[in-house]
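Hello,

Please find the structure below. My notes on what turned up in it follow.

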Amino acid sequence: MIKSRMILMGSALLLGLGAVACNGGSQPQDTATSSPEPTSAPTEDVVPAPDTTPVPQAASAPPEEPNQDNLAMTCTGSITVNDIDFTVDFTREAGFSRVELKRPATGEVFAESFLSYDGTNAAGEDIWRGSVQGMADVTLVHLSPNPAQIGDQVSVGYDMQWGRGNCR
């Protein structure tokens, strides 16, 4: 009997010690007591969402070219005042990219100019510009506010003289 009492007392003692240990010592747990303020997590470098508000293009930045699908065509015409025929290459990838100028009597190409997109005019028509050996300006105006297509007309200016052509 003494042995069973000792086992019971030992069990009670162990249970009591366990309750104290779980309770954090001799103070009773109070659920109404607030826990200490949590420490703030370390701050990370947070990248803000980008601003998607459109910005007007600066005067020095070239505007984007209006290119779609894989259309390729050639536009031919004449500047009759100077007796010049022109041929303009167009692809959707490069737009109106190059113009060749030749004399119709001989068929000789005397000049070529690579064109760069320069924006639109007040009528919404695309304008492309280049120069011949840095001396004479070449300007092409696509005479439609819509994307280029077969059957469109272009106006080409060279050395301050203008002519028209059709695209095929």
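**The sheet**

Nine strands build an open, antiparallel sheet, ordered β4-β3-β2-β1-β9-β8-β7-β6-β5. Its edges are β4 (109–114) and β5 (116–120). Each of these two has a single partner strand, so one side of each is left without a neighbour in the sheet. From one strand to the next, the twist averages 25 degrees.

Terms first. Strands are DSSP runs of E of at least two residues, numbered from the N terminus. Two of them count as paired if DSSP finds at least two bridges between them.

A word on the source. This is a predicted model, in which local features need pLDDT of at least 70 and side-chain atom pairs count only at pLDDT 80 or more, while totals for chains, interfaces and linings use all residues. Residues are numbered from 1 along each chain as its sequence is written, and side-chain values use heavy atoms, with hydrogens and water left out.

β5 runs antiparallel to β6 (residues 126–132), and 4 bridges join them. Threonine 120 faces aspartate 126 of β6. Tyrosine 117 has tryptophan 128 in β6 as its bridge partner. The hairpin of β5 and β6 has 5 residues between the strands. Within that hairpin, glycine 124 adopts a positive phi near 85 degrees.

Now the other side of β6. Its pairing with β7 (residues 136–142) is antiparallel and spans 6 bridges.

β6 is mostly covered, with 5 of its 7 residues buried. Buried means under 20% relative accessible area, exposed means over 50%, and partly exposed lies in between (1.4 Å probe, protein chains only).

**Salt bridges**

How many salt bridges does the whole structure hold? The search finds 4. The criterion is a side-chain nitrogen of Lys or Arg within 4 Å of a carboxyl oxygen of Asp or Glu.

Look at arginine 98. It pairs with aspartate 89, the closest N and O atoms lying 2.9 Å apart. It also pairs with glutamate 100, again with 2.9 Å between the closest N and O atoms. Glutamate 112 bridges to arginine 98 as well, at 2.8 Å. That last pair links distant parts of the chain: glutamate 112 sits in β4 and arginine 98 in β3 (residues 95–102), 14 residues apart. Shared partners join Asp89, Arg98, Glu100 and Glu112 into one network.

Aspartate 89 has 24% relative accessibility. Glutamate 100 also has 24%. Glutamate 112 has a relative accessible area of 38%.

**Disulfide**

The search of the whole structure finds 1 disulfide, defined as a pair of cysteine sulfur atoms within 2.5 Å. Cysteine 75 and cysteine 167 form it, with their sulfur atoms 2.0 Å apart. Cysteine 75 lies in β1 (residues 72–79) and cysteine 167 in β9 (residues 161–167), so the pair ties together parts that are 92 residues apart in sequence. The torsion about the S-S bond is about 100 degrees, so the disulfide is right-handed. Both cysteine 75 and cysteine 167 are buried.

Best wishes

Conventions: Axes fitted to C-alpha atoms, helices over the stretch in contact; angles between N-to-C directions.
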